[in-house]
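Dear colleague,

Please find below the structure that I am handing over to you. I would be grateful if you could read the notes that accompany it.

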Amino acid sequence: MRLTSFIFQTSNTETIQADSMQDYYQLQRTLMLLSIVFTGITFICVWIFYSLHLALNYLLGAFVGIIYLRMLGREVENVGTSQQKLGNKGLILFAATIIVASQWQTLYIVPVFLGFLTYKVAIVAYTIQSVMVSARKSD
């Protein structure tokens, strides 16, 4: 009886872990897609209302933000299997981008920085959408 109970608990735990990882991968895909969509929309708006040069500065920052989001996702996926702190590599990437933007005369810091923050807009949008869906389900 004890062995059967242990096997059942082990397989149940593995099933829950597999489902959790599937949910996590779905979250990663959704956040990546939202980031790319918001980047495209904002790039076009900045290009139309300001200039192509500012839009390209924004696009550079957004590209770095998407890379940062992907790197952070991989680090979170490996939590518990490594001793490395989260976000260190991505923070270095962000700092290097801002330093390059400040030193290179053709780049502007503010559009690059705002472009980098685009992935956060995707996170906020996903959170609001999740809250709305769960509120509808509870009614």
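This is a predicted model: local features need pLDDT of at least 70, side-chain atom pairs count only at pLDDT 80 or more; totals for chains, interfaces and linings use all residues.

**The protein as a whole**

The protein contains five helices and zero strands. Followed along the sequence, its pattern reads α-α-α-α-α. It has 139 residues, of which 24% count as buried. As for contacts between residues at least 6 apart in sequence, 61% of them join residues at least 24 apart.

**The packing of H2 and H4**

Two packed helices are described by the angle between their axes and the distance between the axes. For H2 and helix H4 (residues 109–116), the angle is about 35 degrees and the axes are 6 Å apart. The crossing of H2 past H4 is right-handed. On the H2 side, the contact is made by Leu-54, Asn-57, Tyr-58, Leu-60, Gly-61, Ala-62, Val-64, Gly-65 and Tyr-68. On the H4 side, the contact is made by Pro-111, Val-112, Leu-114, Gly-115 and Phe-116. By class, the residues of this contact comprise 10 nonpolar, four polar and no charged.

**Thr-118**

Thr-118 belongs to helix H5, which spans residues 118–138. Is Thr-118 buried or exposed? Its relative accessibility is 6%, so Thr-118 counts as buried, the limit for buried being under 20%. The side chain of Thr-118 makes a polar contact with the side chain of Tyr-58, at 2.6 Å. Neighbours within four places in sequence aside, Thr-118 is in contact with Ser-35, Phe-38, Thr-39, Tyr-58 and Ala-62.

Ser-35, one of the residues in contact with Thr-118, lies in helix H1 (residues 2–49). The relative accessible area of Ser-35 is 0%, and it is therefore buried. Its side chain reaches the backbone oxygen of Leu-31 at 2.9 Å. When residues up to four places away in sequence are not counted, Ser-35 touches Ile-66, Leu-69, Thr-118, Tyr-119 and Ala-122.

Leu-27 is likewise found in helix H1. With a relative accessible area of 27%, Leu-27 is partly exposed. Leu-27 and Tyr-126 are 99 residues apart in sequence, yet their C-alpha atoms are 8.9 Å apart in space.

**Arg-70 in H2**

Arg-70 lies in helix H2, which covers residues 52–77. How is Arg-70 classed by its relative accessible area? The value is 33%, so Arg-70 is partly exposed; this class falls between the limits of 20% and 50%. Not counting residues up to four places away in sequence, Arg-70 touches Gln-28 and Met-32. The C-alpha atoms of Arg-70 and Leu-31 are separated by 9.6 Å, although the two residues are 39 residues apart along the chain. Leu-31 is also the residue whose backbone oxygen is reached by the side chain of Ser-35.

With kind regards

Technical notes
Residues are numbered from 1 along each chain as its sequence is written. Side-chain values use heavy atoms; hydrogens and water are left out. Helices (H or I, at least four residues) and strands (E, at least two) are DSSP runs, numbered from the N terminus. Buried means under 20% relative accessible area, exposed over 50%, partly exposed in between (1.4 Å probe, protein chains only). Contact means heavy atoms within 4.5 Å. Axes are lines fitted to C-alpha atoms, for helices over the stretch in contact, and angles run from 0 to 180 degrees between N-to-C directions. A crossing is left-handed if the near helix is turned anticlockwise from the far one by less than a right angle, and right-handed if clockwise. Ala, Val, Leu, Ile, Met, Phe, Trp, Tyr, Cys and Pro count as nonpolar, Asp, Glu, Lys and Arg as charged, and the others, Gly among them, as polar. A polar contact is a pair of N or O atoms within 3.5 Å; within protein, one must be able to donate a hydrogen and the other to accept it, and residues adjacent in sequence count only if both atoms are side-chain atoms.
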